[in-house]
Amino acid sequence: MSKKKYIPKYPMIWQKDDFYIEIFCSIPNIATGILLTTDKAKFIIDPGDGILRDLNKNISKEEMLDISDVFISHGHHDHVGGVWSLLTYLSVVQRKNPLNIFFPKGCREIKSIHNAFLEVYSNELSYKINLIEIDKRKRLQRKSIVIHPFKVNHRELNDDGTSSYVPSLGFKFTYNGKSICYGGDTAYCESLVKMSKGADLAIIEAGALEEDDETHMTMERAAKIGQTAEEYFLVHIPE
Ligand SMILES: [Zn+2]
């Protein structure tokens, strides 16, 4: 008999005092959507398809207006598919504060979505969108949270059997002495190993079915990295 398949249950929630993260879902080729909050901050990480529906289910309209920053790990559709509807909604409800979107340098998808969005809505847009390209070295602080982006190794397969690097980042969020490491999509890489170690929570993708997958990690590999953190979630597992 074959081994029973592990299917993660969403949402996944972790909380230490007011440091809170909720992974609404993380399903390869479908969608990822993550909300990270403290008493003073509201961030979105990887607004895949359905993010607006999930936010609407979980937080109030006022809280949605408080979202200040969006962090994009990479441009694949299952991580950015909800950007358009999120941006539109925030204008419909007359957001006034600027919205920051942090994304990996070289990620074409976010720029294209942003350009197309402005083409349609620039005349009526109620708020400013700041697109902020980041590379691995830039540490930043937003609303008492220190964000440390780090480069990971995500690739996509070409038709000829070769693979190409996808501009991709993981993020480590540190607040009040606690840290959450989110690796995004990645094959095994040293930066993820280093950043996950000792984190209070590591969120590690385990999207590979076979050991020689160049784009993702197997559950065994992902769990080994996760075990170096205080707690870990395995996400992005094919259903
Ligand atoms: Zn991906």
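These legends describe close-up views of one predicted model. Local features need pLDDT of at least 70, side-chain atom pairs count only at pLDDT 80 or more, and totals for chains, interfaces and linings use all residues. Residues are numbered from 1 along each chain as its sequence is written.

View A. Strands (E, at least two residues) and helices (H or I, at least four) are DSSP runs, numbered from the N terminus. Two strands pair if DSSP finds at least two bridges between them.

**View B. Strand 3 pairs with strand 2 and with strand 4.** Strand 2 and strand 3 run antiparallel, joined by seven bridges. Here Cys25 stands opposite Gly33 in strand 3. Strand 3 and strand 4 are also antiparallel, over four bridges. Thr37 has Lys42 of strand 4 as its bridge partner. A hairpin of four residues joins strand 3 to strand 4.

**View C. Strand 4 and strand 5 (residues 69–71) run parallel.** Three bridges join them. Phe43 has Asp69 of strand 5 as its bridge partner.

**View D. Helix 1 (residues 51–58) has buried residues and, on the other side, exposed ones.** Ile51, Leu52, Asp54 and Leu55 are buried. They lie on the same side of helix 1 because they cover an arc of only 165 degrees around the axis. The arc is that of the directions from the helix axis to the C-beta atoms. Asn56 and Lys57 are exposed, on the other side. Buried means 20 or more other C-beta atoms within 10 Å of the residue's own; exposed means 12 or fewer; partly exposed lies in between, with C-beta atoms placed from the backbone. The buried residues pack against strand 2 (19–27), strand 3 (31–37), strand 4 (42–45), helix 2 (61–65) and helix 4 (83–92). Contact means C-beta atoms, placed from the backbone, within 7 Å.

**View E. Ile72 is among the residues with the most contacts inside the largest nonpolar core.** Strand 2 gives the largest share, six residues. A nonpolar core is a set of buried Ala, Val, Leu, Ile, Met, Phe, Trp, Tyr and Cys residues joined through C-beta atoms within 7 Å. Not counting residues up to four places away in sequence, Ile72 touches Asp46, His79, Val80, Ile101, Phe102, Phe103, Cys107 and Ile110.

Technical notes: Contact = placed C-beta atoms within 7 Å.
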